[in-house]
Number of protein chains: 2
Amino acid sequence: MSGREFFTTRTVAEALAGFRPAHRTAVEEVPLSAALHRVPAADIPSPHALPGFAKSTVDGFAVRAADTYGASDGLPSYLDLLGAVRMGAAPTVSVRPGGCVAMPTGGVIPDGADAVVMVEYTAETMPGTIEVTRPVAPGGGMVRADDDVAAGTVLVAGGRPLRAPDLGLLAAAGVTSVPVHARPRVAIISTGDEVVPPETAELTAGQVRDATASALAGLAIEAGGEPVIAGIVSDEPGALKEKLTEVLPSSDLVVVSAGSSVGARDETAGAVAAVGEVWCHGLAIKPGKPTLLAESNGVPMIGLPGNPLSALVVFGQIGLPLLWRIGGCPTPPVRPNVRARLSRDLASVAGRLDVIQVKVTDGVAEPLFGPSALLSVLTSADGYVIIPEPATGLDAGIDVDVTLYP
Amino acid sequence: MSGREFFTTRTVAEALAGFRPAHRTAVEEVPLSAALHRVPAADIPSPHALPGFAKSTVDGFAVRAADTYGASDGLPSYLDLLGAVRMGAAPTVSVRPGGCVAMPTGGVIPDGADAVVMVEYTAETMPGTIEVTRPVAPGGGMVRADDDVAAGTVLVAGGRPLRAPDLGLLAAAGVTSVPVHARPRVAIISTGDEVVPPETAELTAGQVRDATASALAGLAIEAGGEPVIAGIVSDEPGALKEKLTEVLPSSDLVVVSAGSSVGARDETAGAVAAVGEVWCHGLAIKPGKPTLLAESNGVPMIGLPGNPLSALVVFGQIGLPLLWRIGGCPTPPVRPNVRARLSRDLASVAGRLDVIQVKVTDGVAEPLFGPSALLSVLTSADGYVIIPEPATGLDAGIDVDVTLYP
């Protein structure tokens, strides 16, 4: 009954390094308004220099800097006011020695000027004459035409999810649609005679509502995926193989939350092996040992443990990096960490990765225990602590890195 | 020209504590599949205990724990095999003293049993007789009917965005739709004669494409909002007031990225004052001083500085907390921090909040400088460092908290 189910156990490190199915999603063009957090398929160069013209960054007067050298309250420079620049329009006048032009913030620097003196250091003592009481260096109060971005420079890098300011920079450069990887479609299959849809109002003895599919769908969305809840498959022989065959052609990643009994796990392994190639069966992780990794024509299939907490932990460690990679992001965004003091000893086994759910209060990380069947452990946790594969445990009182949940 | 535009300057701390328009979005019911990151309007109690029945957490045999006391390899307990529990079905047999029932992981504990001994510590030496070689304590190898959640207990708290595991717990309890706050509609108005739509292929001198609207839309989405890009308004007197009047009835928050010149700022202030009540005009923040906060019938209006970097910094500090609150989340999710060593001295002014963009490399935070007109500063940054209001600067070499961007 036992003994044969973990015949090709691997460590998490081996799986991350070695299980790398080749499939990637196609590239599609999306408008900027739909591009947040999407992954550009390649570097996007700027078609233009930005801001594109020499531009005042202050309200004041465009001058030749040399005309202001030595200016002070006691000994101002007096400059002839030659005109004014209007926002959004080309200057109609240039600056000659001894002259100046009134500038709004954001206005185009007129020919002949090399600086803008702030209005605070000026006064119009006589009509047509501007008194300057502080010197300005060449380049002061202005930016050059390519100070923000030179034409041809990379605006945003390929393979990294777009952030809000990236959208602004793309808009500034006139790039209004972006070639991005399609969101990976994640088929989520639940199995088990005991599993019923969440909509089931009253259960009979031994039935459980499908919790895992909804939670996996949430994790998939957070990693840029598009979940497809593919339904619940009975433990009947052949049923899972049939479902896998149905969903594989339209999926970029297939997740099976396997039945939790040994028999159900064997059924999952058989079905997965029938439609693809098994890479490992058994992962040195706690919780989550009965995990199965396989692929079919480059599309990864993950057989997850039957209980929801274990399934979500494994999907977090193995599924999310795969999902990012399939969607064109080779290095997933790093989840934020906090340092916290571990409140109690944690035991582990060398060669196994342990993922411990913790609550963090006032800098102390308190492990949340309980049978791995309890989903509430995960909803109460602020994040998790990893006991790495070589370690045999962590001592109370040491500082640990807690990876925080979103 | 200057002097009157900052007549009611406030600090950021004052604004966060004192500027609290009353408007909240309505409550709507959404299915679980659309509930990720949405904000429940109230605590959601569990209609059922979870898992709902006493349940085996291992493959093995349901027993009376007392029948296994003292069992060892040398001196096993011998128990009569009375039957087997099938997944998802009620037990058809109960456990009497000296008896046991075969159990799959997840099966219903039969009457009379108070523990499950793992299959690894058993053997069926004779047909119908199970040999147990290790004792199990009462409650071992199983969870009780309400170990995960007791009926009536809060499954997820109101006012906190739903995370992926929350969706799983709700599904497990049969809660398949959730009353949540509607996404706040954020009207984004751009102003300025120099501003043209991002689609504009070629610019004439002095024109700039609207970068701020696209970036603000991204930030709004990240805070659960629904951006509505309301277009570009010219500096013509009356135009902004007309646009504000148009968008206010259908908006939960109105953002105006104001023209950057003094004249344009005055025009914004006049228009906002005409349709609502100004709370402050001028914020002690760098960058971002020319910020205006106002409200109209409880709907906040934010007049942002004209340059994109300043506008995004102010929206991050002031707009995002407002947006979360309007959407029913009084305490916005904390943005993750990292500690890093500051690479150089930073000067500030007491009473002003400074927001310094930084790049973090190998634990060192390198400030990114340049005129605040440069948007590329923000796209290069990993996060920002705050110089708080009382401080006059930060010294090179100290450890600072860097708030990371998503």
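How much area is buried between chain A and chain B, and what share of it do carbon and sulfur atoms give? I looked this up first. The area buried between the two chains is about 5,600 Å², and carbon and sulfur atoms give 65% of it. Buried area here is the accessible area (1.4 Å probe) that two parts lose on being put together, summed over both.

**Ground rules.** I am working from a predicted model, where local features need pLDDT of at least 70, side-chain atom pairs count only at pLDDT 80 or more, and totals for chains, interfaces and linings use all residues. Residues are numbered from 1 along each chain as its sequence is written, chains are lettered from A in the order in which they are written, and side-chain values use heavy atoms, without hydrogens and water.

**Interface.** I found 70 residues of chain A in contact (heavy atoms within 4.5 Å) with 71 residues of chain B. In chain A, A:R163, A:R209 and A:T379 lose the most area to chain B, together 10% of what that side buries. Next I asked which elements touch chain B. Those giving two or more residues to that side of chain A are α2 (164-172), β15 (208-209), α3 (212-222), α5 (262-275) and α7 (376-380). Helices (H or I, at least four residues) and strands (E, at least two) are DSSP runs, numbered from the N terminus. α2(A) gives the most, with 8 residues.

I checked the polar side too. The count is 14 residue pairs in polar contact, both at pLDDT 80 or more. That term means a pair of N or O atoms within 3.5 Å; within protein, one must be able to donate a hydrogen and the other to accept it, and residues adjacent in sequence count only if both atoms are side-chain atoms.

**Symmetry.** A rotation of 180° with 0.0 Å of shift along its axis superposes chain A on chain B, RMSD 0.0 Å. In chain A, the C-alpha of A:P336 is nearest the axis, 2.9 Å from it. I also noted that 100% of the interface residues of chain A are interface residues in chain B, so the copies meet through the same surface.

Notes: Least-squares fit on C-alpha atoms with pLDDT ≥ 70 in both.
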